[in-house]
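This report describes one protein structure part by part. Please look over the sequence and the model before reading on.

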Amino acid sequence: MALALTLGRRGQGNTWPNPAVGCVLVRDGRIVGRGWTQPGGRPHAETEALKQAGDLARGATAYVTLEPCAHHGQTPPCAEALVAAGIVRVVVAVEDSDSRVAGKGLALLRGAGIEIEIGVMADEAAHDLQGFFLKTDLGRPFLTLKLAESLDGRIATATGESQWITGPQSRRLVHAMRASHDAVMVGGGTARVDDPSLTVRELGVDHQPVRVVVSRRLDIPLLGNLARTARDVPVWIAHGRDADSLLIDTWRDLGAVMLPCDLQGAHLSPASVLQALGGQGMTRVFCEGGGALAASLLVADLVDELVTFHAGLALGAEGFAAIGPMGIEKLSNAPRYRLAESQKVGADLMTVWRR
């Protein structure tokens, strides 16, 4: 199952709206087939593993990170494929909450006389698949918030200089993190000040995540990197319903997908933004700020994982804060996370915090 989970992670960021699943087939103590969900969400992991195993699948045990599907879509159900291949035992990490499956896959397997075991490495699988479950159950994707900051929590000097606070090893790791998400998201202020590309570079990946900008009034440079490359790498813009219609049409003509969202006070509702992304099928979103967007997501309790990169320098109180005002008066009202991981990355320290 540990191997199946590793295989499933290969599909993260490249299978939405489907889950990134891994499958391993074992017969007589030997692995005879491996598979993971392919780009675009199909073929499914079980199909890939069965294809690799061929006739050796008969009499084998299948280890699958998510309950095999039981519904007919663009491909036949994986549960039926496992039965037809002669699999005699299926070990599943977690059940599927999608109403089209939700126990039906396991019932189909049991009805065929296949032995079932559920819950092996369930916690690890639930974390890996949390984006799919959140989209299915709550209509929003899993959100990772990444902050690259100085020791004193600053992301730029008082003059706005920010390149580069962290080192090259950290930046390379961030590109790998981008690749494992469906989308990279920033606020309109970051798009204006940094003119970012938000692409995955130097890793030789075959796909790019969708680039999402959250900007109520669409005050984003029309001659910037995002506008110039919107037809090459997808750009989606979450904007207010009161945004200028001419700007909406202009961005749409440039190739951007426009997502009208509700307001919360004077700003876009972060919950509405994530619902809009979930409605388009996204399961995993990687937010890289800026400070106002980071604060709004934290206040709305929408950050599922917080990744920080701290560099060994201090910029002082006049520098730009990594997280904007949150209006917190009592410690009991502050969002708290548990430390899941910490490691040295080049000269920097990376920490991963989870709900």
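## An enclosed helix

The buried residues of helix H11 are Pro270, Ser272, Val273, Leu274, Ala276, Leu277 and Gly278; buried means under 20% relative accessible area, exposed over 50% and partly exposed in between, with a 1.4 Å probe and protein chains only. Because seven of the ten residues of H11 (residues 270–279) are buried, the helix is largely enclosed by the rest of the structure. After H11 comes Gly281, with a positive phi near 100 degrees. Helices (H or I, at least four residues) and strands (E, at least two) are DSSP runs, numbered from the N terminus.

This is a predicted model, in which local features need pLDDT of at least 70 and side-chain atom pairs count only at pLDDT 80 or more, while totals for chains, interfaces and linings use all residues. Residues are numbered from 1 along each chain as its sequence is written, and side-chain values use heavy atoms, with hydrogens and water left out.

## The open sheet

Nine strands form an open sheet with mixed pairing, in the order S11-S10-S9-S8-S14-S6-S15-S18-S17; two strands pair if DSSP finds at least two bridges between them. Strand S11 (257–261) and strand S17 (338–345) are the edge strands, each pairing on one side only. On average, neighbouring strands of this sheet are turned by 20 degrees against each other, direction ignored. Strands S15 (residues 305–310) and S18 (residues 348–354) run antiparallel and are joined by six bridges. Opposite Phe309 stands Met350 in S18.

Helix H7 (residues 168–179) packs on the sheet, and the strands it touches include S6 (142–149), S8 (183–187) and S14 (284–287). The direction of H7 makes about 160 degrees with that of S15; axes are lines fitted to C-alpha atoms, for helices over the stretch in contact, and angles run from 0 to 180 degrees between N-to-C directions. Strand S6 holds Leu145, which is buried at a relative accessible area of 0%. Not counting residues up to four places away in sequence, Leu145 touches several residues, among them Cys287, Leu298 and Val307; contact means heavy atoms within 4.5 Å.

## Nonpolar cores

A nonpolar core is a set of buried Ala, Val, Leu, Ile, Met, Phe, Trp, Tyr and Cys residues joined through side-chain atoms within 4.5 Å. The largest one has 35 residues, of which Leu25, Ile87 and Val90 touch the most other members. Elements that each supply at least two residues of this core include helix H1 (2–9), strand S1 (22–27) and strand S4 (89–94). S4 gives the largest share, five residues.

Leaving aside neighbours within four places in sequence, the contacts of Ile87 include Leu25, Leu50 and Ile114. A second, separate core has 29 residues, including Val212, Leu259, Met282 and Leu298.

## Aromatic pairs and cysteines

Rings of Phe, Tyr and Trp (its six-membered ring) pair if their centres lie within 6.5 Å; planes under 30 degrees apart count as stacked, over 60 as edge-to-face and the rest as tilted. There are two aromatic pairs by this rule. The rings of Trp16 and Trp236 are 5.9 Å apart at their centres with planes at 80 degrees, so this pair is edge-to-face. Trp16 is partly exposed at 22%, whereas Trp236 is buried at 8%. Phe132 and Phe133 form a tilted pair, 6.0 Å centre to centre with 50 degrees between the planes.

The structure holds zero disulfides, a disulfide being a pair of cysteine sulfur atoms within 2.5 Å. The sulfur of Cys78 is 3.7 Å from the closest cysteine sulfur, in Cys69, too far for a bond.
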